[in-house]
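The sequence and structure come first.

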Amino acid sequence: AYEHIHGYPVYEITHPPMGKILMSIGIRIFGMNPFGWRFMGTLFGVALVPLMYLLGLKLFKKRIYAFTAAFLMMFDFMRLAQTRLATIDSYSAFFILCMYYFMYDYFTQKSYEKKPFWKSLLPLLFCGIMFGLGASTKWVCLYAGVGLAFLFFLAKYLEADDIASGRALPANKEKSWFTHNFIPTCCACVVFFIVIPAAIYILSYIPYMAPSPDKSLIDIVLDNQTYMFNYHSGLTEGHPYGSAWYTWPINMRPIYYYSGSNANLAEGMSTSIVSMGNPLIWWTGLACIFPAAFYAWKKRDKGILVAFVGYAAQFLPWILVTRVAFIYHYFTAVPFMIFMIVYVIKNLIEDGVISKHVLWIYLALVLVLFIMFYPVLTGREVSRSYIDNFLRWFSTWSF
């Protein structure tokens, strides 16, 4: 980010530039210091909480459940630890959630009922812009493109089925849905999800031009794509805190970021920064996947499919990745896992299986764990015996 500001040659080129451009805003405002370079990432991390509330309100239609989704995001360990560091994960998680926020509107509404027709395209336009910003930040956002495409074509299939079966008629009965809705929408999507994102992606490389005046912007972009692909595909080195994808939901191997020097600490004291999930959220989320699927099928709930697709798109591609990976790669799937938890709780309450008191107890316990682990998420000085006796639940939890 500092190099972008001053036009220096860029050292860190293993990800697209947008995350560093956003980070540079904080540096420009507050200076080249820890607060400055962490400010924007933390701001985006904070913004994840109200965004969870807004999408939760769309999904569940009741404020109590939207609040629950926002609460769980607020007090998940990884949201705090990951977004207060000068990394780009805050931005990618935020943009991915924005993509599904807008795609939800298109997926759950009938475009043929919109008057005029162009209004039905607005959610797709905003979704495409978020896709472009996300892809320009980190390639993990490209996984979301698969989920978005699935939801889009499923929405069009369901509309076509409505029209063919006579269950619904387009606003203008004289016009063919296929030629006056499907084809124009697909053409618009070429612009929204290819042309606009590509433009955003290419323009994000403008800071690379100052130290390379003899190269065109397109050449710079193409060269970096080749480098990034070769770097990530050719990464064969291991890492002591690397972990397999199937261990992430169970919190088997947190990533240990920081350990304070013993020389600067009082005897028996320790300071650490670790990134992991709140066990009461992640373990509950893992347990809720199949019950959530059962309720969705039983109640024919179309909207919650957005959460399932988002989770699958951000998590399952890691099965195919052979390079070393880390638990923080699960971060972009966590919001959708939280929606599954809330969905199960909502149905259990509405079916009379549990009372709302159970929900409040669950949230209280989530908060208690957050307070307990807060020192090792933020580098606060705490006694070593407290960490060893109360926080290290498993031998693989090193901090």
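## Helix pair α8 and α12

In this predicted model, helix α8 (residues 140–165) and helix α12 (residues 305–315) have axes that come within 8 Å and cross at roughly 145°. The crossing of α8 and α12 is right-handed.

On the α8 side, the contact is made by Val140, Tyr143, Ala144, Gly147, Phe150, Leu151 and Leu154. On the α12 side, Leu305, Val306, Val309, Ala313 and Gln314 take part. Sorted by class, the contact of α8 with α12 holds 10 nonpolar and 2 polar residues, with no charged ones.

In soluble globular proteins, nonpolar side chains tend to be buried together. The largest nonpolar core here has 115 residues, and those with the most contacts inside it are Leu72, Met99, Tyr100, Phe339 and Phe399. Helix α6 (residues 89–108) supplies the largest share of this core, 15 residues. Apart from this core lies another, of 10 residues, including Val10, Ala135, Tyr208 and Val221.

Leaving aside residues up to four places away in sequence, Phe399 touches Tyr256, Ser272, Val274, Met276, Phe373, Val376, Arg384, Ile387, Leu391 and Arg392.

## Cysteines

The disulfide count is 0.

Cys98 counts as buried because its relative accessibility is 8%. Cys127 also counts as buried, at 0% relative accessibility.

Definitions and conventions:
Residues are numbered from 1 along each chain as its sequence is written. This is a predicted model: local features need pLDDT of at least 70, side-chain atom pairs count only at pLDDT 80 or more; totals for chains, interfaces and linings use all residues. Side-chain values use heavy atoms; hydrogens and water are left out. A nonpolar core is a set of buried Ala, Val, Leu, Ile, Met, Phe, Trp, Tyr and Cys residues joined through side-chain atoms within 4.5 Å. Buried means under 20% relative accessible area, exposed over 50%, partly exposed in between (1.4 Å probe, protein chains only). Helices (H or I, at least four residues) and strands (E, at least two) are DSSP runs, numbered from the N terminus. Contact means heavy atoms within 4.5 Å. A disulfide is a pair of cysteine sulfur atoms within 2.5 Å. Axes are lines fitted to C-alpha atoms, for helices over the stretch in contact, and angles run from 0 to 180 degrees between N-to-C directions. A crossing is left-handed if the near helix is turned anticlockwise from the far one by less than a right angle, and right-handed if clockwise. Ala, Val, Leu, Ile, Met, Phe, Trp, Tyr, Cys and Pro count as nonpolar, Asp, Glu, Lys and Arg as charged, and the others, Gly among them, as polar.
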